[in-house]
Amino acid sequence: MKRIGVIFGGRSGEHEVSLMSAASVLEAIDRKKYEAVMVGITREGCWKHFEGAVSDIASGAWERSAREISPVQIKELADFALPILHGPYGEDGTIQGFFEMLDMPYAGCGVLASALCMDKVSAKKIFQKEGIPTSRYHLVYAEDVSQDVEAVMDEIEAELPYIVFVKPSNMGSSVGISKVRNRQELREALMLAAKYDRRIIVEQAVNCREVETGVIGNHHLEAAAVGEITAKLEFYDYTAKYTDDVGTEITIPADLPEATYEEIRSLAVRAYRALDCSGFARVDFFVDRDTGEVYINEINTIPGLTKYSMFPTMWKAVGVPFDKLIERIVDLGYERYHAKNNR
Ligand SMILES: Nc1ncnc2c1ncn2[C@@H]1O[C@H](COP(=O)(O)OP(=O)(O)O)[C@@H](O)[C@H]1O
Ligand SMILES: [Mg+2]
């Protein structure tokens, strides 16, 4: 029986979400088909082999009874890696590169796609080149912000009218992101974003509905149902994303004109291919409330996988239950590994 190494936790700000996602995934793994091996990464980056109850993962209790291992030992413990990690060091190509080094098959996107999807500036450049509509933006450097923030702001104001979003290029989970209405707020937002990344993206705000879909596949790609998220807060920030009591509503299928609905699914597939994704990913869009136009926001290569998360729910809506989804994702990881090794 193949041993699937589910890797959770990690050094990013999304450590807790990862624990919740991993617990759901572990419950969905078909134990008649696979043996599940649990490997947690602490916030400090220490790898641990956990053999206790799945119910001790989400609370963080797993850390106390888990045995410290060296990362390379994953290869002795498991045949396949299923990283359920979000953000830096999990979703950005670094751990994927580590599995490549170990010559170990793994689930989801490879090094390049993971890195591209994590970096908002790089992803935008490719979307533009491929003719996939995305909101206007201006790139600034943290270095320039610290040297002459007034000049940087003049440059931004000449390019984009308010309202804008200011984001570190490479972070995730809304860390360091601000919605900005005037020059004073812009200054603060730039200073904040500069703490997180060398490159900062300033984006035209879209008065939008937020919709997303899931894509799976390596070469033959399929899109799930389209779902809509309605956050009652100012924007879909970290708290809104990961707690279910702040009034985030999910509608699947999203109530959209048929043509828009299908446009989103086909743009999702094109975007997935454009960034060289494989396995699975969630593709997020904005639909302009005024014009109805669709803009791609980003691709999340390891989307939330809790029972309440969008990705599994959007697949369930088209007849793919969670356990089958996980099975497909594992199969696709093996398929990519064998295709690469048989060239
Ligand atoms: N250009 C934009 N127009 C309107 N809302 C935006 C824009 N950019 C970001 N947002 C809001 O901020 C949220 C987080 O931005 P996003 O780029 O998705 O960051 P993250 O990678 O942290 O998820 C989005 O889900 C949306 O609610
Ligand atoms: Mg997002």
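Good morning. A residue is called buried when its relative accessible area is under 20%. With that cut-off in hand, let us turn to the structure above, which is a predicted model.

I begin with isoleucine 132. Its relative accessible area is 2%, and because that lies under the cut-off, isoleucine 132 counts as buried. Where in the chain does isoleucine 132 have its place? It sits in the loop that connects helix 6, residues 120-129, with strand 6, residues 137-141.

Which residues is isoleucine 132 in contact with, once its neighbours within four places in sequence are left aside? They are Phe127, Leu267, Arg270, Ala271, Ala274 and Ile296. Leucine 19, by comparison, is 113 residues from isoleucine 132 in sequence, and their C-alpha atoms are 34 Å apart in space.

Helix 6 itself has buried residues, namely Lys120, Val121, Ser122, Ala123, Lys124 and Phe127. These buried residues pack against several elements, among them helix 5 (111-118), helix 11 (258-274) and strand 14 (294-300). Strand 6, strand 7 (164-168) and strand 9 (199-204) also take part in that packing.

Five strands form an open sheet with mixed pairing, in the order 4-3-2-1-5. Strand 4 (67-68) and strand 5 (80-83) stand at its edges; each has a single partner strand, so one side of each is left without a neighbour in the sheet. Within this sheet, strand 1 (residues 2-9) and strand 2 (residues 34-41) run parallel and are joined by 8 bridges. Isoleucine 4, for instance, stands opposite alanine 36 in strand 2. Helix 1, residues 15-28, lies across strand 1, strand 2 and strand 5, and runs at about 155 degrees to strand 1.

Of its 10 residues, 9 are buried, so strand 10 is largely enclosed by the rest of the structure. It is joined by 10 bridges to strand 13 (residues 279-288), and the two run antiparallel. In that pairing, valine 283 of strand 13 is the bridge partner of threonine 213. Strand 10 also pairs in the antiparallel sense with strand 11 (residues 222-231), over 6 bridges. There, valine 215 has alanine 223 of strand 11 as its bridge partner. Strand 10 and strand 11 make a hairpin, with 4 residues between them.

Next, a pair of helices. At what angle do helix 8 and helix 9 pack? Helix 8 (residues 149-159) and helix 9 (residues 183-194) pack at about 115 degrees, and their axes are 11 Å apart. The crossing is right-handed. On the side of helix 8, the residues that meet helix 9 are Val149, Glu150, Val152, Met153, Asp154, Ile156 and Glu157. Helix 9 contributes Arg183, Leu186, Arg187, Leu190 and Met191. The residues of this contact divide into 7 nonpolar, no polar and 5 charged.

The buried residues of helix 13 include Phe322, Leu325, Ile326 and Glu327. Ile329, Val330, Leu332, Gly333 and Tyr334 are also buried. Thank you for your attention.

Notes: Residues numbered from 1 in each chain as written. Chains lettered and ligands numbered in written order. Predicted model: local features only at pLDDT ≥ 70, side-chain atom pairs only at ≥ 80, totals over all residues. Heavy atoms only, no water. Buried < 20%, exposed > 50% of the residue type's maximum accessible area, 1.4 Å probe, protein only. Axes fitted to C-alpha atoms, helices over the stretch in contact; angles between N-to-C directions. Left-handed = near helix turned anticlockwise from the far one by under 90°. Contact = heavy atoms within 4.5 Å. Nonpolar A, V, L, I, M, F, W, Y, C, P; charged D, E, K, R; others polar. Pairing = 2+ DSSP bridges.
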